[in-house]
Amino acid sequence: MLSARSLFQEIHDDDRAFRLFCSIAAKGEDQGGWENGRIARLVPDRVLAPKVARHGADEDKHGRIFKALMHKRGLEPAEVPDETDYTMILERQGIGLAHSRLRRDEPLTERDVITYLAHSRVTEQRASEQMLMLKRIFGDHPELGRAVRMISNDEDNHLAFCHEELLRLAYHGHGRLILDTLQATARAEIRTYRDVSLAVMAHLGELLRWPRAKSAALAAGIHAVYGYERAGGWRRMTTLRMPAKLNALGGPAPHESFV
C-alpha cells in the first residue's frame, strides 16, 4: 500500500535517496539560518533581534543535524537540483526579503519586518506540519527519532513566535498590511510547494527506480493536495491566534547537541 510511512521508509532505506532528501533539507535550513542571522543584525527592534537570532541559530542547528545523519551513514551531501530549492524559488517570486536586500547594511523598516514575519508564518506552518508527520513516522526510530523530535519542537516554537509578533504588530495598526502580505505569501507558497514536491519526487523516483504507475500516483496525490489548498486550504496559513506558548524564542537557545 502506498502511504507516507512506506514512502519515507523507502527513502530512509536507500543511501542515495536518503542522501538527496537530507541534502535538500540541509540546504534549506542553512539558507534560513543565514537569512535570520542577517535580519537579526538589521532589525532596529532590540527586543525582537535576539528572537530572530535564536530562530537563525535553530535553523543552523537543523542543517547540522541533517548533515550529521548523512555522516553517520558515510554519506557526503549531494548537489541540490535548482528545481528543488524551495527557499530560492520563493525568493525569485518576490516572497520574503530578497538576499540582495539582506546583504545591504541598512536597517530594516517596519514593512520589511512584516514581510519577514509573514513569510516565516507561512513557511513555518508548512515546516511544522511536515515535521509532525515525520515525528509520527520516525518519532521512536533509533536513528532518526531524536532528530525529528528536536526539529519538530523547534518548528512549533518558530510558528508560535510568528503568531505572537504579527499579532503585536496588528495591534499597533498594521492589520491590513499583515493580512494582505500573508495572503500573497500563502498563494505563492502553495504553488511553490507543489512544484518543488513534484521535482523532489521525480528525482527520488529515478534513484529508487519507481515504476511509472507509482510515480503517477504520487504526482496525482501532490496535485490533489494543491487542489485542496487552492480551494481554500491555504487560509490556514493566514490566520493568527495567540499561541499557548508565549515568548517561544525568548532567552538563549538551549545547549542541545545532536552529534
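**Close-up views of a helical model**

**View 1. Helix 2 crosses helix 7 in a right-handed manner.** In such a crossing the near helix is turned clockwise from the far one by less than a right angle, whereas anticlockwise is left-handed. The model is predicted, so local features need pLDDT of at least 70 and side-chain atom pairs count only at pLDDT 80 or more, while totals for chains, interfaces and linings use all residues. Residues are numbered from 1 along each chain as its sequence is written, and side-chain values use heavy atoms, without hydrogens and water. Helices are DSSP runs (H or I, at least four residues), numbered from the N terminus. The axes of helix 2 and helix 7 lie 13 Å apart, at an angle of about 155 degrees (lines fitted to C-alpha atoms over the stretch in contact; angles between N-to-C directions, from 0 to 180 degrees). Helix 2 and helix 7 are therefore roughly antiparallel (an angle over 145 degrees).

**View 2. Helix 3 also packs against helix 7.** Their axes are 11 Å apart and meet at an angle of about 155 degrees, which makes helix 3 roughly antiparallel to helix 7. The crossing of helix 3 and helix 7 is left-handed. Just after helix 3, Gly-74 has a positive phi of about 70 degrees.

**View 3. The largest nonpolar core holds 33 residues.** Such a core joins buried Ala, Val, Leu, Ile, Met, Phe, Trp, Tyr and Cys residues through side-chain atoms within 4.5 Å. Ile-11, Leu-69, Phe-138, Met-201, Leu-204 and Trp-210 touch the most other members. Among the elements that give two or more residues to this core are helix 1 (4-13), helix 6 (110-138) and helix 8 (212-231). Helix 7 provides the largest share, nine residues. Apart from this core lies another, of 28 residues, including Ala-40, Val-43, Leu-166 and Ile-190.

View 4. Arg-209 is exposed, at 72% relative accessible area (buried is under 20%, exposed over 50%, partly exposed in between; 1.4 Å probe, protein chains only).

**View 5. Cys-22 is buried, and Cys-162 is buried.** The relative accessible area is 1% for Cys-22 and 0% for Cys-162.

Notes
Angles under 35 degrees count as roughly parallel, over 145 as roughly antiparallel, 65 to 115 as roughly perpendicular and the rest as oblique.
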